Amino acid sequence: RIPAERLRVLRTLPEIWVPTRWQHALFVRHGIRPERLRLLPLGHDPARFFPASTPLPAPAPGVRPFRFLFVGKWEARKGITRLIEAFAREFDPSENVELLL
């Protein structure tokens with residue numbers, strides 16, 4: 001849902017750019033005219049963003065670490081810095097845990 005106050009502001013804009021079809025459909029359901037919406041998917045630059053060329057090192061037999069996995073867009077509102085700080089406070093480097101980002 002889009003809060004009413006935000007929706008009032010959105011309705012005054014001549015053009016709104018959205019990164020996903022989901023968001024486009026959401027705005028239309030809330031009464032934003034489709035011709036005022038532009039779907040501009042988030043970019044991917046394969047020269048900058050590519051899988052690691054080497055896999056993670058294999059754990060010693062029988063000593064698999066407990067792995068925490070974060071998957072998401074790297075932006076402030078996702079709280080990645082808080083996640084890293086909390087992980088660092090909670091676990092000592094000698095503990096058998098990993099945080100994968």
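**Talking through a predicted model**

Student: Why is tryptophan 74 called exposed?

Tutor: Its relative accessible area is 57%, and exposed means over 50%, so tryptophan 74 counts as exposed. You'll find tryptophan 74 in the loop between strand S3 (66-69) and helix H3 (80-90).

Student: On to the rings. How many aromatic pairs does a search of the whole structure find?

Tutor: Four.

Student: What makes the pair of phenylalanine 68 and phenylalanine 87 edge-to-face?

Tutor: Their ring centres are 5.8 Å apart, and a pair needs centres within 6.5 Å. Their planes sit at 75 degrees, and over 60 counts as edge-to-face, so that's the label this pair gets. Phenylalanine 68 is in strand S3 and phenylalanine 87 in helix H3, so the pair ties together parts 19 residues apart in sequence.

Student: And why is the pair of phenylalanine 68 and phenylalanine 91 called tilted?

Tutor: Here the centres are 5.5 Å apart and the planes at 45 degrees. Under 30 would be stacked and over 60 edge-to-face, so this pair is tilted.

Student: How do you know that phenylalanine 91 is partly exposed?

Tutor: Its relative accessibility is 22%. Buried means under 20% and exposed over 50%, so phenylalanine 91 falls in between and is partly exposed. Phenylalanine 68, at 30%, is partly exposed by that reasoning too.

Student: Which residues form the aromatic cluster?

Tutor: Phe66, Phe68, Phe87 and Phe91 form one cluster.

Methods. Residues are numbered from 1 along each chain as its sequence is written. This is a predicted model: local features need pLDDT of at least 70, side-chain atom pairs count only at pLDDT 80 or more; totals for chains, interfaces and linings use all residues. Side-chain values use heavy atoms; hydrogens and water are left out. Helices (H or I, at least four residues) and strands (E, at least two) are DSSP runs, numbered from the N terminus. Buried means under 20% relative accessible area, exposed over 50%, partly exposed in between (1.4 Å probe, protein chains only). Rings of Phe, Tyr and Trp (its six-membered ring) pair if their centres lie within 6.5 Å; planes under 30 degrees apart count as stacked, over 60 as edge-to-face and the rest as tilted.
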